Amino acid sequence: MKILVCISHVPDTTSKINFTEGDSKFDTNGVQYVINPNDEFGLTRAMWFKEKQGASVDVVNVGGAETEPTLRKALAIGADNAIRVNTPATDGFSVAKQLAKVVKDGGYDLVIAGRESIDYNGGMVPGMLASMIDANFVANCINLEVDGTNAKAVREIDGGKETVSTSLPLVIAGQKGLVEESDLRIPNMRGIMMARKKPLKVVEPTDVTAETKAVSFEKPAPKGAVKLVDADNLDELVNLLHNEAKVI
Amino acid sequence: MSILVYTESEKGKLKKTALEVVSYAKAIADQMGTTVTAVAVNADNAESLGNYGAAKVLSVKNDALNKFNAKAYAAVIEQAAKQEGAKVVVVSSSADSKYLAPLLAVGLEAGYVSNVVEAPSSTSPFVVKRSVFTNKAFANTEITTDVKVVGLSNNSFGLVESGGTASVEDFSPSLPDSGVTVESVDKATDKVSIADAEIVVSGGRGLKGPENWGMIEELAEVLGAATACSKPVSDLGWRPHSEHVGQTGKPVASNLYIAIGISGAIQHLAGINSSKVKVVINTDPEAPFFKAADYGVVGDAFEVVPKLIEKLKAFKAQNA
């Protein structure tokens, strides 16, 4: 089985979010980048397929050279090869188009992406990609087993989960549950050394026009100070929630 | 060229988000000088969507669609959009709608924007505001394609009754081979899901252990609320992952969010930012959550929560 894991290069979850150039661009100043957490769960599940079922695991990112440390980290965790499509990730559609070409050229059976990236939260790349390459697709995937060309997956739904059967070629949008938080691997020194020698191929993008563009960014309006209610006067809290906030 | 909106139902009953997306579609239709057509699958009372602004409902009745399938549902909506010549298609932010929307967008060659929080600021060019960076910011985003798919963030627009009536037409689209078969569904029917909840009661590590969740569940029951938890609580296995709220968990957009024993890490606050009113109960007055909350109680959850349950029960009895 040939697995491709899509890796987004995203600001660490503790990052302060600011914008520059007249609120038209994300301010990367002082921001640490990481593997998108949803992708990391998927990568770790892919490592399981590699170790238990002899799968090969490649990782891919659509982005500029600045994303290579993130791909190297994925190699250090255990991926075999990395591919970087040399173009900025402009919108979900154009990223999906670039990935579709990588999947076709590489003949992958299973594509593991994250449910959404924690920066732009679009949540559309995996589904678009599946549609473009005519593969089966499972969103919000919290468990995946593959046997030959058959697959069994569990999808989180609102208020529960459902088990589905499907087949390769398959794209999943993964999240926590695919593996546990405690299963995530911190690259060790040997992994990091080996990752330096593993192939990281840079491919040129295909010609795609984005379908959406961010015109400007803004931050939520600053909120007023908290109203403190005395722990011995909870009638006041009930009163405020009923008469002032009108939520009960 | 009406505005098409997909209205979800569960076991025949239209969901609240269905009424919200119709209300939202009506606002866009008014801006663009057109009408709203809804597409509903195996829904009863489809004509009731008229009250929220739909002029017409395409009603699909097909047992093959009893279980949700993203590819099949996307095909239904795509065919409806093409029949109606719709330039804008509106869907909700439910797990199912977010599953089908990317497939629909590719099928319609439409640009798709998810997590939209307001009516378009302009319809030509078509610009909508969406939340990004897990609610830490917003991006005003232009969709440049001829046909557009808009995913509305739940509970961001609200319900708007316009008192109209809708005509209901039978609609019989062709269904594709789906490739994904639902084997079983495991869903608690007696509990409110976080996505659908108007009130969410959430517990953190301050509750000291899973055995102390009884009062959280009781508080949730009194309020008709869903229960949720912070990341450490789900990582420790005290509560299921499905309750984890925050940047790497679920977003919450409820009317009221009550955080108990949660300090308010930046990742948690991001996930609950679009909740309208936030209440924090914590022993530590320096907890970052107090900066993000509307109302706060400094105190021991083990004393405050049982008292609050009593007060709320009395309040409910009085206002019943």
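Two strands are taken to pair if DSSP finds at least two bridges between them, and helices (H or I, at least four residues) and strands (E, at least two) are DSSP runs, numbered from the N terminus. In that sense strand S17 (residues 277-282) of chain B and strand S18 (residues 295-298) of chain B pair in parallel over 4 bridges, with Ile281(B) standing opposite Val297(B) in S18(B). The structure is a predicted model, in which local features need pLDDT of at least 70 and side-chain atom pairs count only at pLDDT 80 or more, while totals for chains, interfaces and linings use all residues. Residues are numbered from 1 along each chain as its sequence is written, and chains are lettered from A and ligands numbered from 1 in the order in which they are written.

The pairing of S17(B) with S18(B) belongs to an open sheet of 6 strands, which follow one another in the order S15(A)-S18(B)-S17(B)-S16(B)-S14(B)-S15(B) with parallel pairing. The edge strands, each of which pairs on one side only, are S15 of chain A and strand S15 (226-229) of chain B. Neighbouring strands of this sheet are turned by 20° against each other on average, direction ignored; here axes are lines fitted to C-alpha atoms, for helices over the stretch in contact, and angles run from 0 to 180 degrees between N-to-C directions.

Two packed helices are described by the angle between their axes and the distance between the axes. The axes of helix H4 (residues 214-223) of chain B and helix H8 (residues 301-319) of chain B come within 10 Å and cross at roughly 15°, which makes H4(B) roughly parallel to H8(B) (angles under 35 degrees count as roughly parallel, over 145 as roughly antiparallel, 65 to 115 as roughly perpendicular and the rest as oblique). The crossing is left-handed, that is, the near helix is turned anticlockwise from the far one by less than a right angle, clockwise being right-handed. Among the residues that make the contact are Met215(B), Leu219(B) and Val222(B) of H4(B) and Val305(B), Ile309(B) and Leu312(B) of H8(B), two residues being in contact if their C-beta atoms, placed from the backbone, lie within 7 Å. By class, this contact has 9 nonpolar, no polar and 3 charged residues, where Ala, Val, Leu, Ile, Met, Phe, Trp, Tyr, Cys and Pro count as nonpolar, Asp, Glu, Lys and Arg as charged, and the others, Gly among them, as polar.

The interface between the chains brings 60 residues of chain A into contact with 71 residues of chain B. Elements giving two or more residues to the chain A side include helix H4 (125-133), strand S11 (160-167) and strand S15 (227-229) of chain A, and that side has 29 nonpolar, 18 polar and 13 charged residues. S11(A) is joined by 6 bridges to strand S13 (residues 181-187) of chain B, and the two run antiparallel, with Ser165(A) opposite Thr181(B). The axes of H4(A) and helix H3 (residues 95-107) of chain B come within 8 Å and cross at roughly 45°; the two helices are therefore oblique to each other, and their crossing is right-handed. Met128(A) and Met132(A) of H4(A) and Tyr99(B) and Leu103(B) of H3(B) are among the residues in this contact, which divide into 7 nonpolar, 3 polar and no charged.

Some backbone details remain. Most residues other than glycine have a negative phi, and most peptide bonds are trans. A cis peptide bond, with omega about -5°, joins Leu168(A) and Pro169(A), and Pro169(A) is placed in the loop between S11 and strand S12 (170-174) of chain A. The peptide bond from Ser124(B) to Pro125(B) is also cis, with omega near -5°. Asn115(B), in strand S7 (residues 111-116) of chain B, has a positive phi of about 60° although it is not a glycine.
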